[in-house]
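Dear colleague,

I am handing over the structure we spoke about, with the sequence alongside. Please have a look at it first, and then read the notes below.

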Amino acid sequence: MTYITQKSGSLGADVRSIRKSRGITLIEMSETLDRSVGWMSQVERDISEPSIEELRSIAKVLTVPVSIFFGQAEAHSDEIGYVVRKDTRRKIGGGAVGLVEELLSPDLTDDFEMIHSIFEPGAALPDYVTRPTQEVGYMLSGNMTLWIGDKKFDLSPGDSFRIKGEPFKWSNPHAVEAVAVWVIAPPVY
């Protein structure tokens with residue numbers, strides 16, 4: 001094993017992947033940001049490095065938290081794109097109170113993303129969210145309640161679920177955290 005480390009994934013690859021998953025063309029992205037197509041292309045190819053303000057604008061257009069573009073974990077050079085070690089997971093998510101999410105996928109360039117989610121005791125997503133995705137989740141530990149449309153499900157360790165572009169919300173009304181793994185296609189972060 002080589003012990004030289006380098007960044008896994010890249011800022012440009014993440015921007016391009018999220019942009020494409022949103023169905024936004026390079027031209028549309030450039031026009032929305034009031035930047036040239038050439039500049040946007042250079043950002044996505046890691047030739048130009050956007051400023052923090054430019055990253056905030058890109059994140060706003062892509063409807064992701066700007067933090068998704070930070071925290072690229074160090075990895076052994078022969079593991080990049082293949083392995084994500086527990087202590088190098090990238091924190092992601094929309095910032096829902098009481099929800100901690102980490103990217104289990106090596107980067108954001110696949111047709112799906114795999115997320116490790118920790119739902120803290122008492123945490124809830126009070127309003128329904130609808131995403132143009134297919135999502136499958138598996139409960140590792142704890143218990144939580146999931147609403148898909150008008151159906152309510154009480155989930156326990158070993159249970160799994162699927163959401164196909166339907167409105168959903170969740171709650172952990174219990175005294176212990178609930179942990180789940182989600183696979184989301186196409187990627188939303």
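Just after helix 3, D46 takes a positive phi of about 60°; helices here are DSSP runs of H or I with at least four residues, strands are runs of E with at least two, and both are numbered from the N terminus. This is a predicted model, in which local features need pLDDT of at least 70 and side-chain atom pairs count only at pLDDT 80 or more, while totals for chains, interfaces and linings use all residues. Residues are numbered from 1 along each chain as its sequence is written, and side-chain values use heavy atoms, with hydrogens and water left out.

D46 sits in the loop between helix 3 and helix 4, and at 41% relative accessibility it counts as partly exposed, where buried means under 20% relative accessible area, exposed over 50%, and partly exposed in between, with a 1.4 Å probe and protein chains only. A positive phi, near 55°, is also found at D34, a residue other than glycine, which lies in the loop between helix 2 and helix 3 and is exposed, with a relative accessible area of 69%.

Turning to helix 3 itself, its buried residues are W39, M40, S41, V43 and E44, and what covers them includes helix 1, helix 2 (26–33) and helix 4 (52–62). The axes of helix 1 (residues 11–21) and helix 3 (residues 37–44) come within 6 Å and cross at roughly 115°, the axes being lines fitted to C-alpha atoms over the stretch in contact, with angles from 0 to 180 degrees between N-to-C directions. Helix 1 contributes G12, A13, V15, R16 and R19 to this contact, and helix 3 contributes M40, V43 and E44, where contact means heavy atoms within 4.5 Å.

Elsewhere, V129 belongs to strand 6 (residues 124–129) and is partly exposed, with a relative accessible area of 26%.

Finally, the peptide bond from A185 to P186 is cis, with omega near -10°, and P186 is found in the segment after strand 12 (178–185).
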